[in-house]
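This briefing concerns charged side chains and their contacts. The sequence and the structure are shown below.

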Amino acid sequence: MSDKSKADMWISEYLFGKNTLLDHYYWLLVSDTAQHLLPSLQRKQWLEWAKSTNDLNDYLSDIEEECKTNHYITPLWGKSITFKTHKSLRGEKTDSLGLMTLANLWFDKRKQ
């Protein structure tokens with residue numbers, strides 16, 4: 001299950017691919033980050049239980065909830081934000097990280 005070669009893209013500790021279950025499993029249980037952030041005994045126990053679960057997706061979601069509750073991790077994929085802008089605002093494009101550069105923003109005062 002932890003075969004990194006199955007990821008479409010690999011950047012540091014993050015896998016990006018079609019198999020989100022593999023990505024989730026790797027990030028929560030076997031990545032270097034998980035090894036540093038999670039209590040070692042608990043991580044080993046979770047790995048053993050993962051081998052015998054019938055529904056790995058639900059199991060990983062439960063682990064993620066426990067990690068968030070105990071403040072071990074804060075997965076960013078669970079966070080999102082939206083903004084409503086004025087109709088005359090221009091240049092409100094986001095980069096690949098989802099950030100907007102204020103230098104590119106301007107208001108079009110022409111009548112629409």
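Which residues gather in a patch of negative charge on the surface? They are Asp55, Asp58, Asp62 and Glu66. The model is predicted, and it holds five salt bridges.

**Negative patch**
- Glu66, one of the patch residues, belongs to helix 4, which covers residues 56-69.
- Glu66 counts as partly exposed because its relative accessibility is 33%.

- Lys51 and Glu48 form a salt bridge through their side chains, with an N to O distance of 3.3 Å.
- Both residues lie in helix 3 (residues 40-52), where Lys51 and Glu48 are three residues apart, about one turn of the helix.
- Lys51 is exposed at a relative accessible area of 65%, whereas Glu48 is partly exposed at 48%.

- A salt bridge joins the side chains of Lys68 and Glu65 at 3.0 Å, N to O.
- Lys68 and Glu65 are separated by about one helical turn because they are three residues apart in helix 4.
- Lys68 is partly exposed, with 31% relative accessibility, and Glu65 is partly exposed, with a relative accessible area of 43%.
- Glu64, Glu65 and Lys68 are linked in a network of salt bridges.

**Salt bridge between Asp108 and Arg90**
- The side chains of Asp108 and Arg90 meet in a salt bridge of 3.9 Å, N to O.
- Asp108 lies in the segment after strand 4 (106-107) and Arg90 lies in strand 3 (residues 89-90), so this pair ties together parts that are 18 residues apart in sequence.
- Asp108 counts as buried at 10% relative accessibility, while Arg90 is partly exposed at a relative accessible area of 24%.

Conventions. Residues numbered from 1 in each chain as written. Predicted model: local features only at pLDDT ≥ 70, side-chain atom pairs only at ≥ 80, totals over all residues. Heavy atoms only, no water. Patch = residues over 30% accessible without salt bridge, like charges linked within 9 Å, V, L, I, M, F, W, Y side chains within 5 Å. Areas by Shrake-Rupley, 256 points an atom, 1.4 Å probe, with all protein chains shown as cover. Salt bridge = Lys/Arg side-chain N within 4 Å of Asp/Glu carboxyl O. Lys, Arg positive; Asp, Glu negative; His and termini not counted. Charge placed at Lys NZ, Arg CZ, Asp CG, Glu CD. Helix = DSSP H or I, 4+ residues; strand = E, 2+ residues; numbered from the N terminus. Buried < 20%, exposed > 50% of the residue type's maximum accessible area, 1.4 Å probe, protein only.
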